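Got your viewer open and ready to click? Let's take a short walk through this one, stop by stop.

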Amino acid sequence: MPSKKQKNVILNILGVFFIAFGILAIINAYFIKNYSGILWICYSSMIIIGIAILKKSDYVLASQINLLAILLLAWDIDFVYFLFTKESIFGLVNYFFIDQWGLSKVISLEHLFLIPLALYSLYLIKLKTTSAWKLSIIHLSIIYVTTRLLTNPEQNINCVF
């Protein structure tokens, strides 16, 4: 177990990393003119996770892990399966293997590291609450309504359509 000073350094690095990566993802979506893509839940959650880590908020951090764990696990399974079979189980990663490499693909790799690093951060912070699911539901509701109102059904941002 790292010392208290080491924990703080690790958490500060992870917090800043998540915030920077989330902001980069949003900026990239804007510059490639994928304005609906700005609303991907992973992007806002990365920023919220970063802030939660910096503030050492187990409640907010756990709420985001609750929100993303199943979605990202499905993406990760689909990704690994595609690597071995060249086929997708759920159709979640097809885009990743079609287009050429670029910043958007690097950003998509966040699906692989977001939950493990968030869980490690939560381990360092220590989970003290059992009611984070309430905030998860509130955030999910806000994302659902916002995405439904502001995006094109053909893009199916956050799978709301």
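Start by selecting Phe31, which sits in helix 1 (residues 4–31); helices here are DSSP runs of H or I, at least four residues, numbered from the N terminus. Phe31 counts as exposed because its relative accessibility is 60% (exposed is over 50%, buried under 20%, partly exposed in between, with a 1.4 Å probe and protein chains only). Keep in mind that this is a predicted model, where local features need pLDDT of at least 70, side-chain atom pairs count only at pLDDT 80 or more, and totals for chains, interfaces and linings use all residues. Residues are numbered from 1 along each chain as its sequence is written, and side-chain values use heavy atoms, leaving out hydrogens and water.

Now hop over to the rings. The structure holds 15 aromatic pairs (Phe, Tyr or six-membered Trp rings with centres within 6.5 Å; planes under 30 degrees apart are stacked, over 60 edge-to-face, the rest tilted). Pick Trp75 and Phe96: their ring centres are 6.1 Å apart with planes at 90 degrees, so they're edge-to-face. Trp75 is in helix 3 (residues 58–85) and Phe96 in helix 4 (residues 94–98), 21 residues apart. Both Trp75 and Phe96 are buried.

Next, select Phe82 and Phe97. With centres 4.1 Å apart and planes at 10 degrees, this pair is stacked. Phe82 is buried at 13% relative accessible area, while Phe97 is partly exposed at 29%.

Conventions: Helices (H or I, at least four residues) and strands (E, at least two) are DSSP runs, numbered from the N terminus.
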